Amino acid sequence: MNAIGVDIGGTKIAAAVVTPEGEILSEVRYPTQAVPQNRLIETIAKAITEVKDGFDVGGVCVAVPGLILASENKVIFAPNLHEIENIRLDEEIGRRTNLMVKVENDANAAAWGEFRFGAGKGLEHMIFITLGTGVGGGIITHGILLRGAQGAGGELGHVTIDPTGPRCGCGNFGCLEALASGTAIQRRARELANERPSSALGQLAIERQILGEDVTRLAREGDEVSASVLKETGRWLGIGLAGFVNTFNPEVIAIGGGASRAGELILEDARREVQLRARSPSRDLVEIKEATLGPESGVLGAAALASG
Ligand SMILES: [Zn+2]
């Protein structure tokens, strides 16, 4: 049966009606910034009602960027989304839409989307990493999404990679997120631009703030300083992935999120670190590649979790 996947992001709230085969039949989007804090639940419910119009739907799953207690359908902590913290979202949204509602972490939902319909289709064991403003993760082993005792598991972005590394948004030092996120790319690009003002990166930094996509573009155009920013990101990512390879022996590690558009500029060094650090035979099997669904992985995975 069709289901609705909702993906709450920093920039947009997206809701989609999705078939069991992963085809999007209808989709609505609202910019998150346009929604006042105290209207968030109303807006989510409105998006669900609007997208459902004319379709038979079995249930809804709402993917939220934050710490989730999946067993109680509660969000414990979601930066900038405090209105939806510590309430029964299944009840609040359920009574406004007359649908069965579940809650899931956004990276877990995206991981499930890639597993069912994207880079992990047909496999049993997959790790998903999203490199965005932060780093999210999802683990699927024996075809099951690992959530742990409280549904809070799979936080691969907050595994410590370098105890003396930079401060992470979570308060810890040297998390994978602090070293391999889009934010980390921007920080490293700023530092190197200051050290090498005559490079293309250095020149751009004099004109304006450097974005992650600038680093990728300049690296593709041959700027070695920009390329080195991405190579270092790839190295830290690979150090994290080597641990996941040893722990979970996945068939595929799929890398998604905005920064994954740098593709081989990051992945080549990540693969090298995995080969250096992970154990055989796990390191020989694993394929590290770009995720295939792009930003739709969230709504697709959420919809698949709603009905599963
Ligand atoms: Zn952290």
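The four donor atoms around the zinc ion subtend angles of 105 to 122°, which makes the arrangement tetrahedral (all angles between 85 and 135 degrees for four donors). This is a predicted model, in which local features need pLDDT of at least 70 and side-chain atom pairs count only at pLDDT 80 or more, while totals for chains, interfaces and linings use all residues. Residues are numbered from 1 along each chain as its sequence is written, and side-chain values use heavy atoms, with hydrogens and water left out.

**Zinc site**

- The zinc ion has as protein donors His158 (ND1), Cys168 (SG), Cys170 (SG) and Cys175 (SG), at 2.0 to 2.4 Å (donors are N, O and S atoms within 2.8 Å of the metal, or 3.2 Å for Na, K and Ca).
- The spacing of these donor residues in sequence is H-x9-C-x1-C-x4-C.
- His158 and Cys170, 12 residues apart, are each in the loop between β10 (144–145) and α4 (176–180); helices are DSSP runs of H or I with at least four residues, and strands are runs of E with at least two.
- His158 is partly exposed, at 28% relative accessible area, and Cys170 is also partly exposed, at 46% (buried is under 20%, exposed over 50%, partly exposed in between, with a 1.4 Å probe and protein chains only).

**Helices α6 and α7**

- Helix α6 (residues 200–207) packs against helix α7 (residues 212–220) at about 145°, the axes lying 10 Å apart (angles run from 0 to 180 degrees between N-to-C directions).
- Ala200, Leu201 and Leu204 of α6 contact Asp214, Val215, Arg217 and Leu218 of α7, contact meaning heavy atoms within 4.5 Å.

How values were computed:
Tetrahedral: all angles 85-135°; square planar, octahedral: opposite > 155°, others 65-115°.
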